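Please read the following report alongside the sequence and the coordinates shown here. It takes up sheets, a disulfide, salt bridges and model confidence in turn.

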Amino acid sequence: MCAVVLAMACAGAPGCGESGAMDAPDAAARPDRSVGGGADALWATEVVDEGDDVGLHVRLAVDEGGASHVAYFATEGEVVGPCDLGVEDDVPEEVRWTLRYATEAGSGWAREEVARVLSPGDPPGLDLALDGSDPVIAAITGGPVEGRLCQADDLGLHRRSAGWAPEVVVEESAQAATGMPASDFGTVVGHWPGLAIDGERFALAYKDVHNGSIQTDDLTRADLELALGGGGAWSHVAVDPGRGAGSHNRAAFDARGRLVIAFVNPVEEIGALQQGLWVVRTADGGES
C-alpha cells in the first residue's frame, strides 16, 4: 500500500509539550495523528491519503493560517481504452493519471480530484502554489495530438476557485520564440512546471520537448522556457534554449522581487558544460 504522509516538527510548535511531544488534547482531536517515541517525540505524522496508487510528485504549500495544502498524482495510470488519434493502425492505449489535491479540514483531510491527465508514462511533474488562499496547480493538460501522440501537449493552471478547470498557459513551442528553427519547432510543452506567485505576478517555468520526446533531438535540444503574467494574459520567453535544459524546475521570487529558477539539465554532451543542476536569476522580468 502507498500513502501520502505529512510529518510535522513538533518541538516548539503550538500544541507541543515542553518535551516536544504533542499535547494530549490536540492528539486526541486528530485521530489520524500518530506520535512515536513517547515524551521525546519530535515529529507528528498524519496520513493525507492512502491506497495502492497515491503519492507521485508530491508538492506542499502552507497558507498564512498554517493550514497545509498538498497536490500529487496517482502512482499508476488507468487504461481507459484505445486512444483517438484519427488513425486506424497501431492505435495506442489511452492512459489517464489522476491529479489530486488535499487540505486540512477539521480533524482530518479533505481530498479532491483535480484532473485526469493524459500521459503514456509517469506525468512529467507538477507544482503547487497559493494565490492568497486559493491553491493553484500547474500540470500538463490537453491532448492527444491528432495522428501522432497520445499524450497531453499543453501547460495548464488549475485553480480551486475555478472548479479546477484548466487555464491553458502555453500551447506551442514557438510561443517562446528564439529564432532557432530547432527550438521553435513542435507542440509538446509544459513538462516539469515550476510555479511562483508574488502578488499579482505569476511565473511558470517549463520544459519544451518540441515533438514529444519521440526523437533524440526532442531531449537533447529541449528548451527551458518561462511564462510570465496572470489573469489570462501571458508572455513567453526562452531562458535556456536548445541544450536540453528544464527538468525538475522550481521557481521563486526573492526578497527583491527577482525571479529565480532552479533546474536540471540531464544532457551530457562532449565539449559542452551543461549537464547538472543550475540556478538562474533575472532582474528585469525575464527580458534577459
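## Sheets and cross-links

Strand 10 and strand 11 run antiparallel and are joined by six bridges, where strands are DSSP runs (E, at least two residues) numbered from the N terminus, and two strands count as paired if DSSP finds at least two bridges between them. Within this pairing, Ala138 has Leu157 of strand 11 as its bridge partner. The model is a predicted one, in which local features need pLDDT of at least 70 and side-chain atom pairs count only at pLDDT 80 or more, whereas totals for chains, interfaces and linings use all residues. Residues are numbered from 1 along each chain as its sequence is written, and side-chain values use heavy atoms, with hydrogens and water left out.

The two strands belong to an open sheet of four strands, ordered 9-10-11-12 with antiparallel pairing. Its edges are formed by strand 9 (127-131) and strand 12 (166-170), each of which pairs on one side only. From one strand to the next the twist averages 30°, taken between axes that are lines fitted to C-alpha atoms, with angles running from 0 to 180 degrees between N-to-C directions.

Another open sheet of four antiparallel strands has the order 13-14-15-16. Strand 13 (189-198) and strand 16 (233-240) stand at its edges with a single partner strand each, so one side of each lacks a neighbour in the sheet. Here the twist averages 20° from one strand to the next. Strand 13 and strand 14 (residues 201-208) run antiparallel and are joined by seven bridges, and Leu195 stands opposite Leu204 in strand 14.

With a disulfide defined as a pair of cysteine sulfur atoms within 2.5 Å, the count comes to one disulfide. Cys83 and Cys150 form it, with their sulfur atoms 2.1 Å apart. Cys83 lies in the loop between strand 6 (78-82) and strand 7 (93-105), and Cys150 in the loop between strand 10 (134-141) and strand 11 (154-159), so the pair ties together parts that are 67 residues apart in sequence. The torsion about the S-S bond of Cys83 and Cys150 is about 100°, and the disulfide is therefore right-handed. Both Cys83 and Cys150 are buried, a class that means under 20% relative accessible area, with exposed over 50% and partly exposed in between (1.4 Å probe, protein chains only).

Side chains of opposite charge can pair when their charged atoms come close.

Arg159 in strand 11 and Asp134 in strand 10 are 25 residues apart, and their pair links distant parts of the chain; Asp134 is buried, at a relative accessible area of 12%. Arg201 is partly exposed at 38% relative accessibility, as is Asp198 at 33%. Asp240 is buried, with a relative accessible area of 11%, whereas Arg243 is partly exposed at 34%. Salt bridges that share partners also join Asp49, Asp53, Arg100 and Arg111 into one network.

The protein averages a pLDDT of 86, and 84% of the residues score at least 70, pLDDT being the predictor's confidence in each residue, from 0 to 100. Over residues 17-29 the pLDDT is below 50, although this stretch has 26 contacts in the model beyond near neighbours in sequence, a contact meaning heavy atoms within 4.5 Å.

Conventions
A salt bridge is a side-chain nitrogen of Lys or Arg within 4 Å of a carboxyl oxygen of Asp or Glu.
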